[in-house]
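This briefing covers a predicted model.

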Amino acid sequence: MTAASNTHSRGIADTVANAIATPDKDQPFGALGLTAGEYQEIRTILGRRPTSGELAMYSVMWSEHCSYKSSKKYLRQFGDKVSPAMKKNLMVGMGENAGVLDVGEGWAVTFKIESHNHPSYIEPFQGAATGVGGIVRDIISMGARPVAVMDALRFGRIDDPDTARVVHGVVSGISFYGNCLGLPNIGGETWFDSVYQGNPLVNALSVGVLRHEDLHLANARGVGNKVVLFGARTGGDGIGGASILASDTFSADGPTKRPAVQVGDPFAEKVLIECCLELFRDKLVEGIQDLGAAGISCATSELASNGDGGMYIQLEKVLLRDPTLTAEEILMSESQERMMAVVTPEKLEGFLAMTKKWDVETSVLGEVTDTGRLVIDWNGEEIVNVDPRTVAIDGPVYDRPVAYPTWIDALQADSASTLPRSTDAADLREQFLALLGSPNLADPSWITDQYDRYVLGNTALSFPDDAGMIRIDEESGLGFVIATDANGRYCQLDPYRGAQLALAEAYRNVAATGAVPVGISDCLNFGSPENPEVMWQFERAVTALADGCLELEIPVTGGNVSFYNQTGDQPIYPTPVVAVLGVIDDVARRVPSGWQDDGHNIYLLGITREELDGSAWADVMHGHLGGLPPVVDLAGEARLAGLLHAASIEALVDSAHDLSSGGLAQTLAEAVLRFGVGARVWLGDICERDGIDASVALFSESAGRVIVSVPREDDVKFLGLCEGRNYPVLRIGVTDNTLDALEIQDVFTVSLAEPAVPPPRHPPRPLRLAPAPAPARPQTGSVVRESTKMAPSRHLKGPFSYSRGPWPSGCG
């Protein structure tokens, strides 16, 4: 409803007139995250000192989190390195709330991944929950219905006392918010490493679908159009989250900035989703902007900058949860579940009727003007008068110093090839089980089973497959596929190659399902931009992604940069998370990651090299990080993707699983456990062809590899397809439903029911300025066999044959 009155604290306001009259007043710009140079620049722009309200606005909008002031120089590559093919399906690219791709049949998909790292360390539950809520609102603002979420998570050492606090809080927050919204969580990744001990990474992704004609962009056009704030009331939570929290590092003493974390209400957001979609449907709005980082400061300045250039706001009309908030606090608050709309005067009554229908509180704050100024009044006094572009668009851009790391040559010279490597059968069996029981390779269902992955009824693939798939159109079966990947260990060794490996793996995971990759979103997690070595890592990673996308001819549609991920002066590993989206014309021909039938031949696509540097084997068995990551061949990845798509179209493969962390050993384990069908595998042909030993054959992490299962009657066609596309292929085994085990012939046999074993203990690498880890608790793990069997995709004709399983189906 529209409130008739709203009581505010009437403290003494720092007005524009007062700013002019008191030019020498001391202002706390440093406490708000501004440098002395930035503060002076603001004074130059305004021709006077800023008011307290203006200072609040500039501080949040010029923060690293909002302005990208240290990364803009490099991010421009994503727009410069573009081919005609990359523009073909791109409807909306970087610079908007989320990217949009044409996926055919009049449908479009919008998606984006963003970080909520710092809040999730301070208050894990609310930090992660509001991360989900914020990215979902970006999708709503494009005119799309959200249909799925994912998350990419990185935590500290699994046996550190503080890790449990963060892990359980983050996972609970994600599951609570996503389940209450009724959105399936269809994939993601979870990693543990001591380098993230004081700075976990919580990257949230959301995907929405819409018809082409329903696409909307956020701008304030049309002089006289009304500016309306609707949704939850504004409170004191999240004040300064972007400027003070997300744009700063943590001290070695741990989290201290709890008031800057937002508090989420998923039930309010669910109502907001439906309200917004009906507002768009009935054409009652010109545009909608979500209020996330920087709150009203961001929404008003961005809407005005993207529109006719002017806006007038009466700030006292904002509905508050806390009537004692000052004007500056209202401008900076990042309270959740709020949206700002631009509405023509003749449609305002219909707009208010719609928000009343959904019981969404609404207040008309002001209107669009042609003055070129953003003017904000507080109880009749002018407290902000700025050019909105100087706040939202034309902020500072830094050319930070860049320095080649002094330590990287020594790190790269310390290759895993010098580590002891056994070919003894008993040793290999022990190492196989140790890798499966390690935190990063063990069954993650203790996390994923907290997420509802089948709500809405359109999930075609999800955990434990390596990519999630959602049906868009019930009649045609059109769907999208999405996967996220990153390997911080690889990026620490070589950020250029490591970033391209993340791109290649996500691209390969999408292709393995039978889909065609069409675009990416990225979340670039790095240390402080004030560290020249970090900026070198950042430049290398961004250049790698831009070069890689150009070679693969898929566009970067948007994303996020998260700097200051470090504790004290110790940064995290560079961790560029890449989300690749693909399109499949009919989800009925989806390809799962494990085999389901007896007597199918198992083929290895690709070449295995002695590439153990940065591998899970080197980490788990030796506590080692050094050398160079695996070689990347993006042209080969494109050929492989084309081969997998053709094989899916012709129904030649019944399963496909990429090889990455843990190598062939991990992939075989996951494939046999996916549906509980055993296999007999031989390594001799791999070793002979590629000139390697059994240890390398099992644990190498060479890129560009996939294992597939092929019915015997399709062998000739499949081999002909590989030959025609000039891709290496080798038969390495056969599925065996009577075996109930994975048999590596002449090496070892492991029963599907046999648990993994605790990996050997290694002292943490000296990367943290933090207390030493507590004594280890024994860790065990095994991949729990899926109890339900998917109908074979090559024969699927009808509804999905899934059981919901024991996971929660929603809240309330």
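Six strands form an open sheet in the order β1-β2-β3-β6-β4-β5, with mixed pairing; two strands pair if DSSP finds at least two bridges between them. The edge strands, β1 (90-92) and β5 (185-192), each pair on one side only. Neighbouring strands of this sheet are turned by 25 degrees against each other on average, direction ignored. Strands (E, at least two residues) and helices (H or I, at least four) are DSSP runs, numbered from the N terminus. This is a predicted model, in which local features need pLDDT of at least 70 and side-chain atom pairs count only at pLDDT 80 or more, while totals for chains, interfaces and linings use all residues. Residues are numbered from 1 along each chain as its sequence is written, and side-chain values use heavy atoms, with hydrogens and water left out.

- β1 and strand β2 (residues 99-104) run antiparallel and are joined by two bridges; V92 has V100 in β2 as its bridge partner.
- The hairpin of β1 and β2 has six residues between the strands, and G95 there takes a positive phi near 105 degrees.
- β2 is joined to strand β3 (residues 107-115) by five bridges, and these two run antiparallel. Opposite G99 stands F111 in β3.
- Two residues lie between β2 and β3 in their hairpin, and E105 in the turn has a positive phi of about 60 degrees.
- Nine bridges pair strand β4 (residues 145-155) with β6 in the antiparallel sense. V149 has S206 in β6 as its bridge partner.
- Helix α10 (residues 161-181) packs on the sheet and touches β4, β5 and β6; contact means heavy atoms within 4.5 Å.
- The direction of α10 makes about 175 degrees with that of β4. Axes are lines fitted to C-alpha atoms, for helices over the stretch in contact, and angles run from 0 to 180 degrees between N-to-C directions.

**Pairings of β9**

- Strand β9 (residues 310-314) pairs with strand β11 (residues 362-369) in the antiparallel sense, over four bridges. M311 has V368 in β11 as its bridge partner.
- β9 also pairs with strand β12 (residues 374-378), in the parallel sense and over four bridges. Here Y312 stands opposite V375 in β12.

**H216**

- H216 sits in the loop between β6 (201-211) and β7 (226-231).
- With a relative accessible area of 18%, H216 is buried. Buried means under 20% relative accessible area, exposed over 50%, and partly exposed in between (1.4 Å probe, protein chains only).
- A polar atom of the H216 side chain lies 2.7 Å from the backbone oxygen of D214. A polar contact is a pair of N or O atoms within 3.5 Å; within protein, one must be able to donate a hydrogen and the other to accept it, and residues adjacent in sequence count only if both atoms are side-chain atoms.
- Leaving aside residues up to four places away in sequence, H216 touches S141, M142, G143, F280 and E286.

**Helix α24**

- Helix α24 (residues 634-649) has 16 residues and reaches 22 Å from its first C-alpha to its last, close to the 22 Å expected at 1.5 Å a residue. The expected span is 1.5 Å times one less than the number of residues.
- The buried residues of α24 include L634, L640, L643 and L644.
- Among the elements that cover the buried residues of α24 are α21 (495-512), α22 (532-552) and β25 (706-710).
- At the start of α24, a side-chain oxygen of D633 reaches to within 3.4 Å of the backbone nitrogen of A635.
- After α24 comes A651, with a positive phi near 55 degrees.

**Aromatic rings**

- The structure holds 13 aromatic pairs. Rings of Phe, Tyr and Trp (its six-membered ring) pair if their centres lie within 6.5 Å; planes under 30 degrees apart count as stacked, over 60 as edge-to-face and the rest as tilted.
- Y58 and W62 form an edge-to-face pair, because their ring centres are 5.2 Å apart and their planes stand at 80 degrees. Both Y58 and W62 are buried.
- The pair of F155 and F192 is tilted, because the ring centres are 5.8 Å apart and the planes stand at 40 degrees.
- F155 lies in strand β4 and F192 in strand β5, so this pair ties together parts that are 37 residues apart in sequence. F155 and F192 are both buried.
- One aromatic cluster is formed by Y74, F526, F538 and F563.
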